[in-house]
Amino acid sequence: VHLVAVGGSDAGIAAALRARELDPSVDVSVVVADRYPNFSICGIPYLVSGDVRDWRTLAHRSIADLQAAGVRLLLNTTANTVEVDARRLSLTDGDGRESRLLYDELVIGTGAIPVRPPIGGLDTLGPDDGVFLLHTMGDTFALTRFIDMHHSATAIIVGAGYLGLEMAEALTARGMRVTQVEMLTEVLPTVDPSLGRLVRDRLIEAGVEVLTETTVLRIDPSGTKLRVLGDHQLDRTVDLLLVVAGVQPDTTLAAAAGARLGPRGAIDVDRRMRTGIPHVWAAGDCAVTHHRLLGTTYLPLGTTAHKQGRIAGENAVGGNREFAGVLGTQVVKVFDLAAARTGLRDTEARQAGFDPRSVESDADDHKAYYPGAHSIRIRATADTATHRLLGVQMVGHKDAAVAKRIDIAATAIHHGMTIDELADLDLSYTPPLGSPWDAVQMAAHAWERAMQHRSTSKLAEPTGTPARTTTP
Ligand SMILES: Cc1cc2nc3c(=O)[nH]c(=O)nc-3n(C[C@H](O)[C@H](O)[C@H](O)COP(=O)(O)OP(=O)(O)OC[C@H]3O[C@@H](n4cnc5c(N)ncnc54)[C@H](O)[C@@H]3O)c2cc1C
């Protein structure tokens, strides 16, 4: 059997390694458009900030490691078309040489490409002019080279999603003055605005200028700089502009081969990663995702790409594994804050047919008498009828184990637990690290109290309106 994966990032490599792990007799080739297979692109912001000094260390595995695992790498090689009936790929290498590659099973892991918002001038300006999009190692080298060569001091970042925020921190760490422009009402729009507000306050405290409800409309070269124009009188002249406005699935190869497309135009795969085209599988950012509460959706994340790739690789060599699905669990560090979410917010829960209520509370990460305690803001969402836990969001100090706590919530939601059962969990405690009731359990209590208050006082509070409760 010859398994070919197109894409040398999380999904493609996970598929290749899993296939070899299960069946060392399988011949595995990975076609990679660039020369950086198996790089942790999630680490790019920390390379730009200088926290990571050597770009080579971002490789999950070296080329030699991959080869030792039996993976044949075709680097700097682009797959142009899939001939489905002949089970053949047409390839072009870095020197423009064309070739054909036969496969028995094909895993498409072409990933995503950055969204290009409709900004005048964006299509004609590029890295030489100080205009950047960010997805690959190549994009990263172009950005850092430009900053070093031109001693860039000022930047506008378009977008305040997790990547925009990580890059605001990274460029600030390099001594640059950063203006973050976001068209929505608050930064980090994946969490509710009340939590996003805490992140915005931290950005401002760290010297980042934050402009929300503002849209960048045009960029023009202005001498060696860029003039950036937008609504609400936005008119700035800066050294560089970084556009990080989300990603879209790269489906050129799959769509031309006849693959069905689903939400956001991503390749429509079932939970076994089948595309519907015989012997063609897809995984990662190019494909749709099964969400445990929402069904089929598009939610491009590294965590998902690794899991889907592994399943595609397993099934391509005769396995029968189903993708369990995601909850959109994610965490981001913004200066010394960590912000995280899992599951659904009110609006999403309501759209999914639940009757949600969200309650915000504050709880310390560990006993306040032990030095270094930090308060965590937690917003818990559960269904009022069944008490099923639907979602949790939190913002706290980066040392307050926010990631551990969101993962407890993710585990609870994954298993369909009620918010009361979350409060019943036997979690660990010692004063320097926790409390007899963990912060997530105090958030569950706050939710229960708010519900109790509502039923006893018959308060006509509209569903989903957060009652702010602070636990002692
Ligand atoms: C800066 C940054 C930070 C991130 N941080 C996080 C994080 O903290 N947590 C998290 O969960 N996720 C994070 N992500 C998202 C995560 O990196 C992606 O979800 C993940 O990389 C997706 O993996 P993938 O293999 O599906 O696709 P991609 O990583 O997009 O890789 C696609 C691969 O396909 C290759 N390719 C594409 N077309 C062809 C072709 N025709 N022929 C040959 N090769 C081709 C590309 O060269 C590449 O190797 C981050 C992303 C970025 C850019």
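Predicted model: local features only at pLDDT ≥ 70, side-chain atom pairs only at ≥ 80, totals over all residues.
Student: Is Arg 264 buried or exposed?

Tutor: Arg 264 is exposed, with a relative accessible area of 54% (buried means under 20%, exposed over 50%, partly exposed in between, with a 1.4 Å probe and protein chains only). Residues are numbered from 1 along each chain as its sequence is written, and side-chain values use heavy atoms, with hydrogens and water left out.

Student: What is the phi of Arg 264?

Tutor: Phi is near 55 degrees, a positive value in a residue other than glycine. Arg 264 lies in the loop between α7 (252–256) and β18 (280–282) (helices are DSSP runs of H or I with at least four residues, strands runs of E with at least two, numbered from the N terminus).

Student: And where is Gln 233?

Tutor: Gln 233 sits in the loop between β14 (225–230) and β15 (235–238). Its phi is also positive, about 60 degrees, although Gln 233 is not a glycine. Gln 233 is exposed, at 76% relative accessible area.

Student: New topic: which backbone atoms lie by oxygen atoms of the ligand?

Tutor: A polar backbone atom of Gly 8 is 3.0 Å from a ligand oxygen, and one of Ala 11 is 2.9 Å from a ligand oxygen. For Ala 112, a backbone N or O atom lies 3.3 Å from an oxygen atom of the ligand.

Student: How confident is the predictor in the chain?

Tutor: The mean pLDDT of the protein chain is 96, and 96% of its residues reach 70 or more.

Notes: Polar contact = N/O pair within 3.5 Å; in protein donor to acceptor, adjacent residues only side chain to side chain. pLDDT = per-residue confidence, 0-100.
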